Amino acid sequence: MTSLYEEVTQVPDGVPTRRVTITVNGQKRTVDVEPRLLLAHLIRQGLKLTGTHTGCDTTNCGACTVLFDGRPIKSCTMLAVQADGHKVETVEGMGTASELHPIQEGFKEEHGLQCGFCTPGMMLAAKALLEKNPNPTEDEVRWALSGNLCRCTGYQNIVKAVLWAADKMRDQQA
Amino acid sequence: MKPPVFEYRDPRSLDEALGLLNEYGDDSSILAGGQSLIPLLNLRLARPDYVIDINKVPGLDTIEVLPGCVRVGALTRIRRLERDPKIRAVAPALSDAFQNIAHPQIRSRTTIGGNISHADPSSELPGVLAAYDGRVQLTSSSGSRWVSWSDFFVTVFTTTRESNELLTAVEFPTDQNFSYEFEEIARRPGDYPLAGVCAGISLDGSQVRAARLSAIAIADRPIRMTAAESALVGVDISNAAVRQAASQAAAAEINPMDDEHGSAAFRRGLVSTLVKRTLDRLAGVPS
Ligand SMILES: Cc1cc2nc3c(=O)[nH]c(=O)nc-3n(C[C@H](O)[C@H](O)[C@H](O)COP(=O)(O)OP(=O)(O)OC[C@H]3O[C@@H](n4cnc5c(N)ncnc54)[C@H](O)[C@@H]3O)c2cc1C
Ligand code: FES
Ligand code: FES
């Protein structure tokens, strides 16, 4: 059986591919991709970074949110070829199990997740917000997360988690 | 793999992009922000032979605040437009409309040209363009033409753009005498509106010289509410009864359809409320 990695990178003969170089979580990755490959699928299957989830593939749920040159985007709605030469940040770039990012800590402290499916996307949307606006109001947090759906936790604790993280990050700055 | 097979082209100049459009026309799709096109590809509702990605075409992401108009290059993203202080200074209602388009992730990518070319009757910008009496620039290998909003939008997802033309710029006139307000009602923030209204008036003291009112998500294309506009001309905007009469005229002249999001009567009510609210604000009265 071929691995998923090969499935993405070993394209059938005769199908044109493009060589792209994308900086993913600070590391340059060069891959050959079919132009129709979605960035989300390159990240998950090609690069094996399965923290980026796909829930709808139609730009609705936000589970596939990554940062593209620092801005939140839905990676199911960009072709991998379009990311050539750009920087992508996924949840794997946020922290490690022993050293959580304050946003990850916030989700833990405030019970911001149940099944965790929406969580990576929520956290990256939150990161984009906090980088621009370190002291957001509750409304601003809700607005920043408006493109992300959660089907089990409910939004209350997610919003609290982001506000918790904002506090902690401001403390660290001070 | 979600999208169907296509040949991918990413022209590096406007000339190259126009040459490709000339060659492939109807067999191709232009890829701008991709927020409508890529979902359509993922669902295989769109199956173009060629995808012409214009994101690397230089010079199309401009914002110009000129005497008499705001002119925006087709590739300018909503995220940048919604934060632009120069636009907010001359056309605050336009900035408000940008902020109502979808969610942050989508606004990071959506381009003004893609949004307007897509001609979704529920989109804010086509309606705002109608209220501003704006126009779009269409460019092909043989030159450019400017087309007014009313000659551009035909029906749902359909415009008078020829298949060899690229929408290159959008222009919102900013007549010094006109002030505008925009407001919509959506089920959740960032959703497409159930109804939206953009209202502009030009005043002589408190007397209305001219009025421009458009409705969004009411017909198969953006519309102007000419009966309500006529009801306003010559009257004193500070008179609440006058604003009420205009909102009733708007409700009476529109012809919304029933759909799964709401009945015609419900939408009529929404438009009437939105006309009232925008006119109240234009009159400086809290709703
Ligand atoms: C969940 C969700 C919510 C949304 N909510 C809203 C909303 O509230 N309001 C709203 O207005 N929109 C909304 N949108 C639509 C979004 O703003 C679209 O992205 C936008 O309408 C299309 O812009 P784009 O730049 O992404 O275009 P693309 O998806 O790249 O293209 C759209 C169409 O226009 C054509 N096109 C693109 N650029 C040009 C050009 N320069 N010249 C000629 N043709 C061109 C393409 O070929 C394609 O047919 C929403 C989308 C999603 C997924
Ligand atoms: S998978 Fe991308 S938005 Fe749902
Ligand atoms: S935690 Fe389960 S979907 Fe959000």
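**Strands, helices, domains and a shared site**

Guide: Strand S6 (residues 135-140) of chain B and strand S7 (residues 143-148) of chain B pair in the antiparallel sense over 6 bridges. Please keep in mind throughout that this is a predicted model.

Visitor: Within that pairing of S6(B) and S7(B), which residue is the bridge partner of Gln137(B)?

Guide: S6(B) is joined to S7(B) by a hairpin that runs through 2 residues, and the two strands pair in the antiparallel sense. Across that pairing, the bridge partner that Gln137(B) finds in S7(B) is Trp146(B).

Visitor: Turning to ligand 1, which element gives the most to the shell around it?

Guide: The shell includes residues from chains A and B, so the site is shared between chains. On chain B, the elements that give two or more residues to this shell are strand S2 (28-31), helix H2 (37-42), H6, helix H7 (112-118), helix H8 (124-131) and S10. With 5 residues, the element that gives the most is H7(B).

Visitor: Which residues come nearest to ligand 1, and how many of the shell are charged?

Guide: Of the 33 residues around ligand 1, those that come nearest are Gly33(B), Gln35(B), Gly113(B), Gly114(B) and Ser123(B). At least three residues of the shell are drawn from each of domain 1 (7-53) and domain 2 (63-173) of chain B. By class, the shell divides into 13 nonpolar residues and 15 polar ones, while the number that are charged is 5.

Visitor: Where chain B touches chain A, which element supplies the largest share of the chain B side?

Guide: The contact takes 22 residues from chain A and 23 residues from chain B. On the chain B side, the elements that give two or more residues are H2 and H6 of chain B. The residues of that side divide into 11 nonpolar, 8 polar and 4 charged, and the largest share, 5 residues, comes from H6(B).

Visitor: What covers the buried residues of H11(B)?

Guide: Helix H11 (residues 240-253) of chain B has 14 residues and reaches 20 Å from its first C-alpha to its last, close to the 20 Å expected. Its buried residues include Arg243(B), Ala246(B), Ala250(B) and Glu253(B). What covers the buried residues of H11(B) includes strand S13 (207-216), helix H10 (226-232) and helix H12 (264-282) of chain B.

Visitor: Is Asp49(B) buried, partly exposed or exposed?

Guide: Asp49(B) lies in the loop between H2 and strand S3 (50-53) of chain B. Its C-alpha atom is separated by 5.5 Å from that of Asp27(B), although the two are 22 residues apart along the chain; leaving aside neighbours within four places in sequence, Asp49(B) is in contact with Phe6(B), Glu7(B), Asp27(B) and Ser28(B). Because 13 other C-beta atoms lie within 10 Å, Asp49(B) counts as partly exposed.

Visitor: Lastly, which element gives the largest share of the side of domain 2 of chain B that touches domain 3 of chain B?

Guide: The C-alpha centres of these two domains lie 21 Å apart, and 21 residues of domain 2 of chain B are in contact with 22 residues of domain 3 of chain B. Helix H5 (92-99), H8 and strand S8 (153-155) of chain B each supply at least two residues of the domain 2 side. By class that side has 13 nonpolar, 5 polar and 3 charged residues, and its largest share, 6 residues, comes from H8(B).

Note on methods
Residues numbered from 1 in each chain as written. Chains lettered and ligands numbered in written order. Predicted model: local features only at pLDDT ≥ 70, side-chain atom pairs only at ≥ 80, totals over all residues. Pairing = 2+ DSSP bridges. Helix = DSSP H or I, 4+ residues; strand = E, 2+ residues; numbered from the N terminus. Near = placed C-beta within 6 Å. Nonpolar A, V, L, I, M, F, W, Y, C, P; charged D, E, K, R; others polar. Domains from an automatic or database assignment. Contact = placed C-beta atoms within 7 Å. Buried ≥ 20, exposed ≤ 12 C-beta atoms within 10 Å, placed from the backbone. Expected span 1.5 Å × (residues − 1).
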